[in-house]
Amino acid sequence: AADRPLPGVTVTLTGTDLLGRAITRTTTSGPTGGYTFTDLPAGTYTLTQTQPGRPTTAASPTSGVYDGA
């Protein structure tokens, strides 16, 4: 069974860029469950999601390194 899209979910990105600066960004998923973080510098980040009416959970497997490409 395919996963259902989750619109209206708060997605928070936290981590550090390659210069060691702390980065935090927050967005909300769209009608199809998609989300985007723009102008994100290369670094190591973790995503967490907060669904309406549910506890905050770490998204998995979404911790990793973004190379800026």
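What follows goes from one serine to the nonpolar core and then to the aromatic side chains.

First, some housekeeping: this is a predicted model, where local features need pLDDT of at least 70, side-chain atom pairs count only at pLDDT 80 or more, and totals for chains, interfaces and linings use all residues. Residues are numbered from 1 along each chain as its sequence is written, and side-chain values use heavy atoms, with hydrogens and water left out.

Start at Ser 29, in the loop between strand E2 (22-28) and strand E3 (43-50); strands are DSSP runs of E, at least two residues, numbered from the N terminus. Ser 29 counts as buried because its relative accessibility is 7%, and buried means under 20% relative accessible area, exposed over 50%, partly exposed in between (1.4 Å probe, protein chains only). Its side chain reaches the backbone oxygen of Leu 6 at 2.6 Å. Setting aside neighbours within four places in sequence, Ser 29 is in contact (heavy atoms within 4.5 Å) with residues including Pro 7, Val 9 and Tyr 35.

Val 9 also belongs to the largest nonpolar core, together with Val 11, Leu 13, Ile 23, Phe 37, Leu 40, Tyr 45 and Leu 47. Such a core is a set of buried Ala, Val, Leu, Ile, Met, Phe, Trp, Tyr and Cys residues joined through side-chain atoms within 4.5 Å.

Now look at Tyr 35 and Phe 37, whose rings pair edge-to-face, 6.0 Å centre to centre with 70 degrees between the planes. (Rings of Phe, Tyr and Trp, its six-membered ring, pair if their centres lie within 6.5 Å; planes under 30 degrees apart count as stacked, over 60 as edge-to-face and the rest as tilted.) Phe 37 is buried at 18% relative accessible area, whereas Tyr 35 is partly exposed at 36%.

Key: Helices (H or I, at least four residues) and strands (E, at least two) are DSSP runs, numbered from the N terminus. A polar contact is a pair of N or O atoms within 3.5 Å; within protein, one must be able to donate a hydrogen and the other to accept it, and residues adjacent in sequence count only if both atoms are side-chain atoms.
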